[in-house]
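Student: I have a structure to read, and I want to know where its labels come from. Can we go through them one by one?

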Amino acid sequence: MASPLRLTMGDGSAGAADAAGLWATVVDEFEAAEAAMSRFRDDSELTALNRTAGSGIALRPSPRLRRALVAADRAHRITGGRFDPRVLRDLDRLGYRGADVGAAGAGSAGTDRADAGGPVIERVGRDALAIARPIDLGGIGKGLTLRWAAALLTDRGVDDLMIEAGGDLVALGRSPDGGPWRLGIEDPAGDDAPLAVIVVSGLAVATSSTRLQRWTANGRSVHHLLDPRTGEPADVGLAAVTVAWPDPAWAEVWSKVLFLGGRNRIAVEARSRGLAAWWVTEDGTLEMTAAARRLTIWVAAEAGT
């Protein structure tokens, strides 16, 4: 998933003696998720499904891919379409290419948004499903994999753990020092020093940021956080949004939805949803909700909160 992977366990983890086996469990889960959900792998299940987009052909996905597709469809409905995984064609058009899916769903790129309010998946029969437009499971896929990997470890008696996949993580129980897990809110400008330090336990943390996935296309700077209404990179006055939530997949969803809402809407929306959210504006100012402030133990003087 183009992310460095790390497992940390606290002192009280019942399975700490089998660290190598637990690590193998996490790695295997992420590899299985890649095989099911990656849009970059030519041989993934998702790529095979995407190649049928718009054809009416129904396939029978594995339970792992089915759960991911159902989760993405539900997130699309709950957020009123602001979370929309059907942006693969637009990502390809902008140069962030994955595996070749041929002409499948070719009418979906650019300004053709006629079906934006439709479902992400079309159910055909009990087991098979079809899609009208190619799908990028991206962040929600990573969040789901964090959820599944953490569940596998807790089932094996590991109560104190943190699994990190790039800038996203799930932290349960206690850290090695016996307290909550301490995490830094990254400076999207690239400074190694964090903008803030937070403490979490029993929470997932996800960040939507333009820092890493940014490139030049047709002479302009673009990034991977696309507005599904336009198929273009969101220009919203924000550089990064971080959300802490009990579930890693939904932390991913809410971080992206808040980002797309933009600087002028994020405070009201995050507070109305009761989210612990931190955001960095394009001028480097760090802001947060009251729920986030309760988890924050240190803020850099230059962060400008």
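Tutor: Start with what covers the buried residues of helix 3: helix 1, helix 2, strand 2, strand 3, helix 5 and helix 6 are included. This is a predicted model, where local features need pLDDT of at least 70, side-chain atom pairs count only at pLDDT 80 or more, and totals for chains, interfaces and linings use all residues. Residues are numbered from 1 along each chain as its sequence is written, and side-chain values use heavy atoms, with hydrogens and water left out.

Student: Which residues of helix 3 are buried?

Tutor: Leu65, Ala68, Leu69, Ala71, Ala72, Asp73, Ala75 and His76. Buried means under 20% relative accessible area, exposed over 50%, and partly exposed in between, with a 1.4 Å probe and protein chains only.

Student: Why is helix 3 called oblique to helix 6?

Tutor: Their axes come within 11 Å and cross at roughly 40 degrees. Angles under 35 degrees count as roughly parallel, over 145 as roughly antiparallel, 65 to 115 as roughly perpendicular, and the rest as oblique. Therefore helix 3 is oblique to helix 6. The axes are lines fitted to C-alpha atoms, for helices over the stretch in contact, and angles run from 0 to 180 degrees between N-to-C directions.

Student: Which residues meet there?

Tutor: Arg74, Ala75 and Ile78 in helix 3 meet Trp250, Val253 and Trp254 in helix 6. Contact means heavy atoms within 4.5 Å.

Student: Why is Thr210 called buried?

Tutor: Its relative accessible area is 9%, so Thr210 falls under the limit for buried. Thr210 lies in the loop between strand 8 and strand 9. Leaving aside neighbours within four places in sequence, Thr210 is in contact with His223, Leu225, Ala239 and Phe259.

Student: And Asp177, buried or exposed?

Tutor: Exposed, because its relative accessibility is 54%. Asp177 sits in the loop between strand 5 and strand 6.

Student: How do you know that Asp177 and Arg182 make a polar contact?

Tutor: Their side chains make one at 2.8 Å. A polar contact is a pair of N or O atoms within 3.5 Å; within protein, one must be able to donate a hydrogen and the other to accept it, and residues adjacent in sequence count only if both atoms are side-chain atoms. Another polar contact, of 2.4 Å, joins the side chains of Asp177 and Ser175.

Definitions and conventions:
Helix = DSSP H or I, 4+ residues; strand = E, 2+ residues; numbered from the N terminus.
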